[in-house]
Amino acid sequence: MDKKSLIAQISKNLTVSDSEISLEPKKSRNSSPQKENSSSRTGDRTDPPKSPAVSKVKKDAGAGSGKQTALWLDDEDRSILHEMGMLLYSQGIKPSHNVVIRAAIRLMPKDHRFFEKVQELASQDGRKIRHHK
Amino acid sequence: MKIALIAKKGGVGKTTLCVLLHEAIKQTGQTVAVRDYDAQGSASKALARIEGTKELPGSKPDVLLIDTPPSLTLPATAAAVLDAEIILIPTSPSPLDIWEADEAARFAQEKNPNAAIRIVVNRTKTGTLLTDAARESLSGTASQILPATLADRQSYQHVLLGGWGALDAKAQKELFQFTIAVTSLRA
């Protein structure tokens, strides 16, 4: 096999694999294929996004789709949010907790630092400590 | 396609394999990125040197490679295993490494039974007693072994410094064949 054939084989494998990924929810959720899924289930927002394909369908639904979410924040979190809001204000951008959190979750590193911080915060979670007492 | 590289032990070639796969897939014109869960950040350092691609927020590469710390107890390893469709467990032909690889395979199977899990025999030396013994030893376990192996080549280490161009023709061919074996797990 020459180099070109090897490269073609890898590309073929990856292409086939991609189509399989998009079909996976069909098997696990006992529903119709993705194409049918997007047309027949438009407006159905009851199921949580459990697979990449479902997330994609939700994304395609438009920028207006979303849900209200309640978060528990401690005093330090609130102070950081306030600080970031002030930073936005200083740049002439209308501050809100919403934009700060949405920007932060898109910027956060997906590596060991994230896991370490989660563990640290989980150990300091005021609600948990009170609950255990 | 998400491919996680896990191992209980350090020094079995997770990061090198991650960078090698990154370079091979890049050659095919497909998009590839690396998510570096290892606190040592070795993959990130190598990628910075060879102008490789780290995963960016919101990016959707054709292949995402997840490098993990050498442990099965850290949450980073569990997260990688849960997220991946293909889980590779590199091991050297050393019996000590093989026993740990088998344990890692069982860990991956327990956490994500839907993933394709394969032990990768790395740094093989053709015709040596140790390599033959490794294959024999692994065939006695429930874990599945990837049929393709990577030989013990200096040029694979050079990839960390010079990228794809550091590989000789033999190594490039072997790496492409290895990549076909990996990518065909879900094809």
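Author: Helices (H or I, at least four residues) and strands (E, at least two) are DSSP runs, numbered from the N terminus. In chain B, the axes of helix 1 and helix 7 come within 10 Å and cross at roughly 95°. Keep in mind that this is a predicted model, where local features need pLDDT of at least 70 and side-chain atom pairs count only at pLDDT 80 or more, while totals for chains, interfaces and linings use all residues. Residues are numbered from 1 along each chain as its sequence is written, chains are lettered from A and ligands numbered from 1 in the order in which they are written, and side-chain values use heavy atoms, leaving out hydrogens and water.

Reader: What makes helix 1 of chain B roughly perpendicular to helix 7 of chain B?

Author: The label goes by angle: under 35 degrees is roughly parallel, over 145 roughly antiparallel, 65 to 115 roughly perpendicular and the rest oblique. The crossing is at roughly 95°, so helix 1 and helix 7 of chain B count as roughly perpendicular.

Reader: And why are helix 4 and helix 5 of chain A called roughly perpendicular?

Author: Those two pack at an angle of about 100°, with axes 9 Å apart. Therefore helix 4 and helix 5 of chain A get the label too.

Reader: Which residues of helix 4 and helix 5 of chain A meet?

Author: Leu81(A), Met84(A), Gly85(A) and Leu88(A) of helix 4 meet His97(A), Val99(A), Val100(A) and Ile101(A) of helix 5, where contact means heavy atoms within 4.5 Å.

Reader: Now the two chains. How do you know that Glu55(B) forms a salt bridge with Lys110(A)?

Author: A salt bridge needs a side-chain nitrogen of Lys or Arg within 4 Å of a carboxyl oxygen of Asp or Glu. In this pair the closest N and O atoms are 3.6 Å apart, so the pair passes the 4 Å rule. Across the interface of chain B and chain A, the rule finds one salt bridge.

Reader: How many residues are in contact between chain B and chain A?

Author: On the chain B side there are 30, touching 23 of chain A.

Reader: What is the area buried between chain B and chain A?

Author: About 2,300 Å², with carbon and sulfur atoms giving 63%. Buried area is the accessible area (1.4 Å probe) that two parts lose on being put together, summed over both.

Definitions and conventions. Axes are lines fitted to C-alpha atoms, for helices over the stretch in contact, and angles run from 0 to 180 degrees between N-to-C directions.
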